[in-house]
Each structure stands twice: as C-alpha cells, then as structure tokens.
Amino acid sequence: MTTTSMPLAKALNAGLRRAMEDDPKVLLMGEDIGRLGGVFRITDGLLATFGEDRVLDTPLAESGIVGTAIGLALRGYRPVCEIQFDGFIWPGFDQITSQLAKLTNRLEGRQSFPVVIRVPYGGHIGSIEHHSESPETYFAHTPGLRVVTPSTPNDGYWMIQQAISSPDPVIFFEPKSRYWPKGEVDLDQPAVPLHASRVVRTGTDATLIGYGPMVSVLLAAAENAAAEGRSLEVVDLRSLSPVDWEPVVASVEKTGRAVVAHEAPGFLGMGAEIAAGITERAFYSLEAPVLRVTGYDVPYPPAKLEKLYLPDADRVLDAVDRALAY
Amino acid sequence: MASTDPVVRILSHDGALAPTPPAEPYVDRVAALDEQALLGLLTDMVRTRAVDVEAANLQRQGHLALWAPSYGQEAAQIGSGRATRPQDAIFPAYREHGVALVRGVDPLDLVRMMRGLTHSGWDPAEHGGFRQYTLVIGSQTLHATGYAMGAQFDKATATGDPERDEAVLVYFGDGATAQGDTNEALVFASSYNTPQVFFLQNNHWAISVPVERQSRTPLYRRAAGFGMPGVQVDGNDVLAVLAVTGALLDDARAGRGPALIEALTYRVGAHTTADDPTRYRTAEELATWTERDPILRLRRHLEGRGVGRELFEGVDAEAADLAADLRRRVLTLQDPPVSLMFAHVYQEAHPLVAAEQAWQAEYEASYGEQA
Ligand SMILES: Cc1ncc(C[n+]2csc(CCOP(=O)(O)OP(=O)(O)O)c2C)c(N)n1
Ligand SMILES: [Mg+2]
C-alpha cells in the first residue's frame, strides 16, 4: 500500500484528475473552475491538462449549470458540477429536485443520470452571509438523489471517484473547514464502498455520530473525554442517503447511548432521522434518548457569532453528560 | 467590445469635452454644471476610493472578513447615484460603495457587514432608500421590479410631478446577466412597464470569468429583446453616466417605462480580497484600464478649466481624513451580543427559537461557572 500525505483539497483534485483520465466522458462544469481552478482551487490545473471541452468555465447561472448537465448526461457524459458555495445552490434547486432527482424514475429506469454536484459546505471560515451553510437535509430528503460527504483526504480521493462512477445523481458535500489539514491517502484502493458508514474511534460508554466537518469535532470530544476516563465511540456516517445503518446500530447496541451532531439546524435535520432510525432499530439497547447537538434553528449568523452557533467539543460532551445521566 | 457600438461619452479619456454622437440627447443635462458641481462629483469619487482602499487594507490586516473593492468603478457609481432623486429607491448588489456614500450610508456600516458583525448594517429607510446589499447574484433585480410595481399601484409615480414621482434604480454586474432572476426581472419590468432603471456595471469580469462568456452580444442590446430602451455608456465618464441615468430615471418616473443602462467600466481591484486576479488576466489589460481612470479623467477636465492645485489637494485631504476616521472607528467596534442570532428570525415569538435561546444562555452561564 502506497500512501501519500495531502490535504482534502488536493485529494479531491487528484481524485477528479484520475476519474477524468479513466473515463473520457467525465467533464467538469462550474463558475471559475477553469482558469482560476475554483475559488477553493479544487480543480486547479485540470483545465491545462484536459482542455476547455472537459473543464467548463460556465456562465454565472446555477440552474443553467445543473440543467445543461442533465442534457449532457442524456448524451452519455458524466458531468461533475461545482457549486461555488453552499448558499448559492438554490438557483439550481429546481433543476436538481424536479428534474435530476426524478428523471430516472420518470423514464422508468431507461436512462441513467450520472451527474455529480460538488458543494463546498459548512462554517468555520469566518465569511459573510451564504458562504457557510449546511443544506444537506434538503437533498437527503429528496428521493432520487444520493448524498455523501467525506471527512478525510482519503475519503475525498476515493469517494469523488466512486460518486462519479455511480449511475445515479450524487450530491457531494465537501466540508470546507477540512479542505486544508493533511491526511494519509492510499492511492491503491478504496477502504470502503461509497455508502458505507464507519467507526473511526472505538469506545464503550456512548456513541458519537456525525459526518463531514463534524467528525474532527467528535474525535476531539472523544479525546478530551478519554482524559477524564470516559470511552466514546465515533461513527462517521459518510453517506447521508442512503444511511448505512449496520455500523451505527451495532455501535449503539454496544454502548447504549448515542449523540448525533451536525452544523445544520436541528429541526428536521439529519440528526432527527438518525435518532428515529436508532430508536426503531435498537430500542431495547438504549439507556437514554438519542440526543442531538446541532446548529440553532436560526439563519447562519454573522461570522463573529459563528463560534457560538457551531457545535463544538464542549457542547458534544455536555450532551454526553446528559445521556449518561439517564 | 465592438467599436461600432454607439457608446455615450461626454468627456474623452484626456478630460476634454468631446461628446460622441449618441451623447447628443443627453449633453444638455450636464452642460450647465459649474465648477463647484463638478468638484462635488470629484469629491464623491475621491471619497469613495479612499474608503475602498482603506477597507481593503483593513481586510488585509485581519480586521474584516472580506471586502469587494469598487476601485475603478467610481464614475459609474457616483454618476448614477447622483442622478437619483431623494424619493427614489436603490437596490444595490454588493460593490456599490460609492452609491452608498452619496445616499448617506456611514462607511462604518458597510464595513460592519464585511467584518461579520451583521448581515446588513444600515436601515434603508434612514439612508435615502438605499437598500441592503444582496450577495446572491441577481436576486435584487426582482425585488427592485416588485418595488417599482408597487410604486405604480400606489400611484406614487407618473403623476406629472418629477419632484415627487418615484423611480427605482437597481444595480447588477455583467455576471448577473446570465442568471434566471435577472432575466425574469427584465420580463416583469417590461410587462408591467415599471418605473425603473436597470443599471448594469459591466466591469468586464465575474470573478475570473470574462464578460464574453456571459454574452456574445454587447449587453445593452439585450434590452431590445425585452422591449425596453438600452443605452451603452462610458462608465468611467461621470458626466455621461450622470446624464444618461438622470434622463432614463426621469423617463421612468414620467411613466415611460423601464430601461437598461450598460456602463462600461473595469474592476481594477481584485474581485474580493480573497481573490488573486493575476491568475486570470493580463497586466496589459489592467494597464489599459488604469490609464482610463475615472477620477483622473474628471480631474484633467477640471485642470483644463483652470481649477488650481489647492482645490484638488483639499479634496484629497478631506478623503484621507474620512479614511483615517473609518480606520479609527473600525478598531473600536465591539462584537455583537449572542442574542442577535436569535432576535430577528421572526417578528413574532417562535417557541423553538425561544427555547434554543434560553438553552444557549443557560449553557453559557453554566460553562462560566465551571471555568
Ligand atoms: C447565485 C450566486 N452564485 C455564485 C455566487 C458567487 N459569486 C459572487 S460574486 C460572483 C461574480 C459576480 O460577477 P458580476 O455579476 O459581474 O459582479 P461583479 O462582482 O463583477 O461586481 C460570483 C460568481 C453568488 N454570489 N451568487
Ligand atoms: Mg462583473
């Protein structure tokens, strides 16, 4: 096994490059992804290698990007669209939910729509409005879309390739707060399938469940708890639709307690689904209700308040305390 | 841009009074401006630039989250902003700092937003109808159109009294012309014959994407397809912008319907302070446009009319004071209270938000005890 150390941003770039080498039908489209290499440089250098027919600096229109990606898919292309920031996906929402998500079903399976929509998401970057949102629930709620989110460079490298080879539309959420920390990437083979959830730290007292930008927060919380003699298990969901329940349920059956965390507002968020799913599957193992630690049910606040809005290790451990108090 | 297009220009690049043929219908509107009035326009532009440069510096030094420079677009902004009447409503995008200043917005309020203290920062009702900045490209064009429709329904326009009749001015960029919202706004405006001017600042770039990617036809020509007049103006000529915008706003308030202005200008600065334009545009292009600097052009014109050095120095010194004052006040800004996050989600109480706010306060308090 050859591993290389690189940040998520570079791993995504390398994954896109490899997918484009492997399949000439893969093409990239989005605002500022060519000459600039994307505002986060995820597509840096790809225009130079693959040319303007495969790396498209599109006009400034998200509905246009997604809608034309659907048309390209009709001719056998595998478009990978970049949405510049989470908060700018909405002009494309109609094309994603009314068209992309439903076309396979409308055509009774006669045609595939292998479109990937990459979305940098989440906070911690101190930016202005619309640049720090977590809209994953809207998409996970929509039948016909697969929704995934890597939390590490290795997952970024492999999941983007797996998403591109999926015959279904995939909404691919990239945690922008995790773009720059480095991690080991195994260039030989993927560790797990696209839709697998995974235990990333073992423990016995409670299970922490999260995804994307929250995984590093949960790991930090577990580390702090260990110093106080408390053993927490951490599960990285990786896939939000479908959810891979088996590792989640096995963990909760072992620990008897679960805390689920995300940056998005709590009401009807992924945490609600996870809590319900665990309750349905592992009711007799639970010693406490499944607790949620989430962003508040308010619009993402001005940057100077984001630290108070975003769940941190302390808020996670506060929930663990409450779960253990039952 | 095809040189055959009939651009309205009144001041040539070297500052000489040399109206192009398409400028003929508009020249009268500015012919009477005396040196005092012209110095006023110069002052507006110099102040705008001073605030802009200071804000960009503050961002580089870590005091702001972001700043979108208006550098190079001062004539387009001051000319159009000064063409409005007090009763007009203005819907900006996010770079119209010059318009904000002439409508009485405190530069500190612009900066408070970009520092991440607030999502808007000023009350439009108290600032000459200058609405909040809108960051989602194109959205504000529809809001402006709806507002203009309301002015019609209210009979607040087209009564024959230009001192009272309202018009609406909306700003957007070359990139925004590709968005559905912008095109839908043009359709609604045309359909309802709204009292409205669409002011397109074609600064030639949408971040790294050149205007040619958004449109293969000069953008003012799109107006014809929507059924309204379209005028291309030299956006670095403050007199031309003032004259054309004033004329079309007055047409709008007189009931003659909407119009589109394409102001040709250039984003001399970076897209925002997070951007590195050397990755996508040439030094030669930049040099061509810095040579066409809008402030320099008006200054040359005034020099040609015999305005002395001391007057310019006075303008520069006053602008430098404004910038220094901005810096001083930015450094004293306090972070907002956490209650701001919960306070305005709804106008009426909402139990979930109330419960979360109460929980947050209790949590912070208990944390304080442990610490
Ligand atoms: C719907 C939407 N998509 C993408 C963005 C990201 N973005 C911010 S500014 C910008 C370019 C805008 O160009 P233009 O309309 O020409 O205005 P300028 O910045 O040149 O003033 C882009 C793509 C956004 N703000 N909103
Ligand atoms: Mg532009």
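Analyst: Arg29(B), Arg85(B), Asp88(B), Glu163(B), Asp250(B) and Arg253(B) are linked in a network of salt bridges, a salt bridge being a side-chain nitrogen of Lys or Arg within 4 Å of a carboxyl oxygen of Asp or Glu. The model is predicted: local features need pLDDT of at least 70 and side-chain atom pairs count only at pLDDT 80 or more, whereas totals for chains, interfaces and linings use all residues. Residues are numbered from 1 along each chain as its sequence is written, chains are lettered from A and ligands numbered from 1 in the order in which they are written, and side-chain values use heavy atoms, with hydrogens and water left out.

Arg85(B) lies in the loop between helix 3 and strand 1 of chain B, and Glu163(B) in the loop between helix 6 (139-153) and strand 2 (168-173), so the pair ties together parts 78 residues apart in sequence. Helices (H or I, at least four residues) and strands (E, at least two) are DSSP runs, numbered from the N terminus. Arg85(B) is partly exposed at 21% relative accessibility, while Glu163(B) is exposed at 58%; buried means under 20% relative accessible area, exposed over 50%, and partly exposed in between (1.4 Å probe, protein chains only).

A further salt bridge joins Arg82(B) to Asp44(B), with 2.6 Å between the closest N and O atoms. Here Arg82(B) is partly exposed at 41%, but Asp44(B) is buried at 10%.
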